[in-house]
Amino acid sequence: MAKPTPQRKKTESTRGRGRRRSQKRRAEPLVRIRDLEFSHEGRYGTCPSLFKGINLDIHRGKIVAILGPSGTGKTTLLRLIGGQLSASAGRVEVDGEQLSTLNRKGLYRLRRRIGMLFQSGALLTDMTVFENVAFPILEHTRLPGKMVRDLVWMKLEAVGLRGAEALMPAELSGGMARRVALARAIALDPMMVLYDEPFTGQDPISMGVLMKLIRELNQTLRLTSVVVSHDVEETLSIADYVYLLSEGQVVGKGSPQQIRQAQSPWIQQFLKGEPDGPVPFHYPAEPFHTVLMGAQE
Amino acid sequence: MSEVVHQWLLSLFSLFRRLGRGQFFLFHLLGGIPSLIPRFRLVIQQLYAIGVHSLTIVMVAGLFVGMVLGLQGYNTLVDFGAEESLGVLVALSLVRELGPVVAALLFAGRAGSALTAEIGLMKATEQLSGMEMMAVDPVHRMISPRFLAGFISLPLLTAIFTLLGVFGGYFVAVPLLGVDEGAFWSQMQARVDFFEDIQSGVIKSVVFGFVVSWIALFEGYDATATSEGVSRATTRTVVHASLAILGLDFVLTALMFGA
Ligand SMILES: Nc1ncnc2c1ncn2[C@@H]1O[C@H](COP(=O)(O)OP(=O)(O)O)[C@@H](O)[C@H]1O
Ligand SMILES: [Mg+2]
């Protein structure tokens with residue numbers, strides 16, 4: 001009856017374009033890292049380079065694992081993705097935004113949509129479990145108290161710890177602390193959760209619980225998950241895609257299946273945990289016999 | 001030889017870098033103070049933790065310092081037959097010097113070291129990084145309220161220290177040594193000047209509160225994130241804060257009474 005006015009037409013077409021753009025955006029990886037180089041600031045200057053040109057993509061909705069031995073810079077990589085450290089060279093893009101171009105405010109706005117699970121849990125030790133999970137909600141929203149309480153209970157229920165709300169962090173087991181930290185990480189319904197070695201130092205049962213939680217939360221909350229770890233089996237069993245990191249470079253990538261079948265001797269040594277191989281058992285040193293002979297003289 | 005010079009230059013360089021970081025840190029934490037007005041509860045909590053927990057040591061110390069002043073002062077003054085000026089001696093020493101300085105030294109040892117250890121441990125256990133990742137500025141949320149509480153507490157603690165010191169002096173002078181009570185108080189009242197004496201003590205304690213809180217919080221925030229780093233930072237807080245108190249006391253005294 002009413003002819004579409006030009007005005008209306010215009011909105012429709014812009015809406016269409018917007019949808020196309022958002023579809024395109026959805027197809028793009030959530031995190032895109034290109035030619036990343038980084039070195040820590042030491043006490044008297046820069047340390048040797050930790051990353052020597054890393055490229056990796058983290059696709060939306062997936063669980064992406066980054067595996068590598070201790071000290072390769074896995075934690076550092078997560079901090080680079082969270083914008084706590086900035087790259088010496090190369091680009092880190094999260095959700096289409098290049099981190100180096102963001103100011104402090106933009107960075108904080110982005111971080112609100114990223115949850116991070118620290119290796120140590122990083123719970124605030126002078127607050128109860130409930131207060132810890134409520135912390136990001138209270139800091140960033142002005143919801144009424146009852147709603148905050150319900151939200152916190154929901155998050156705690158999701159990790160199975162609603163009964164532990166009154167405990168202090170010191171009273172929790174390692175596995176429970178990590179689950180509380182996970183509840184806190186998802187408190188603001190993030191788009192992505194970064195897990196720093198979630199399985200390290202966990203008993204088999206907590207390990208199973210955490211694996212189940214990472215999978216389930218990724219699906220039910222439509223998250224993107226980045227799991228950084230050196231626990232090969234557990235990580236491979238939940239990941240959709242895997243990157244292997246060593247000595248500042250990506251040395252292997254692919255689905256868990258592909259990684260398991262990779263021919264590279266380094267990958268095989270790492271996956272099977274063999275004590276000697278391309279990664280030598282001995283830290284570089286002078287040959288032992290020359291040292292002993294020298295000592296006799 | 002050149003190795004020694006090189007090392008020396010490097011440490012000088014890192015000292016200046018530290019001083020620079022300290023300045024930035026101060027501006028950063030001061031920037032967080034306006035946002036504390038609607039959330040003054042955070043400051044109250046810290047006032048309790050910092051101020052109330054230092055109360056006992058400050059009160060006991062004040063009492064004893066005053067009593068010792070009474071005894072020593074009496075021995076000197078009695079030779080000149082001037083023991084009735086004991087009240088003045090005790091009050092002036094406390095108000096001008098001993099109150100601000102000793103209370104600040106105690107505060108650095110009791111509250112300052114605790115602040116450093118607390119913040120340093122928060123850093124070592126990634127609580128501060130965690131907060132940053134939750135898009136909460138850890139300096140504004142954790143450091144600024146502690147700074148404000150320290151800054152407010154020390155002048156109040158100094159006042160309590162001084163009051164108890166005067167009372168300690170009175171206790172030794174009047175009931176114990178038999179100095180005339182009326183003379184003790186009236187001379188004190190006549191000779192302690194509000195502007196010159198009390199105000200100078202207040203200025204000192206305000207400056208000390210600022211500096212001790214700043215040093216303690218910066219040492220904690222700048223600590224190496226290990227248990228060894230935190231323990232070294234705690235020691236440094238006590239040493240640096242004490243030296244700063246004594247040095248600044250000289251400067252302030254020279255400025256206010258030197259001319
Ligand atoms: N703040 C820092 N300053 C200097 N070096 C650091 C710092 N943090 C980590 N490193 C160094 O960077 C390397 C990688 O650390 P990290 O990212 O924690 O490795 P991972 O998590 O893979 O075990 C290590 O050799 C570590 O000593
Ligand atoms: Mg790590």
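Q: Which residues surround ligand 1 in this predicted model?
A: Here, a residue is near the ligand if one of its heavy atoms lies within 4 Å of it. The shell holds H40(A), E41(A), L50(A), P69(A), S70(A), G71(A), T72(A), G73(A), K74(A), T75(A) and T76(A).

Q: How far is the polar side-chain atom of T75(A) from an oxygen atom of ligand 1?
A: Let's look at polar contacts, pairs of N or O atoms within 3.5 Å. A nitrogen atom of the ligand is 3.3 Å from an N or O atom in the side chain of H40(A), and a ligand oxygen is 2.8 Å from a polar backbone atom of K74(A). For the side chain of T75(A), the distance to a ligand oxygen is 2.6 Å.

Q: Which residue of chain A forms a salt bridge with R39(B)?
A: A salt bridge is a side-chain nitrogen of Lys or Arg within 4 Å of a carboxyl oxygen of Asp or Glu. In this one, the closest N and O atoms are 2.8 Å apart, and the partner of R39(B) is E139(A).

Q: What is the mean pLDDT of chain A?
A: pLDDT is the predictor's confidence in each residue, from 0 to 100. In chain A, 89% of residues reach 70 or more, and the mean is 84.

A note on reading the model: residues are numbered from 1 along each chain as its sequence is written, with chains lettered from A and ligands numbered from 1 in the order in which they are written. Because this is a predicted model, local features need pLDDT of at least 70 and side-chain atom pairs 80 or more, while totals for chains, interfaces and linings use all residues; side-chain values use heavy atoms, leaving out hydrogens and water.

Methods
A polar contact is a pair of N or O atoms within 3.5 Å; within protein, one must be able to donate a hydrogen and the other to accept it, and residues adjacent in sequence count only if both atoms are side-chain atoms.
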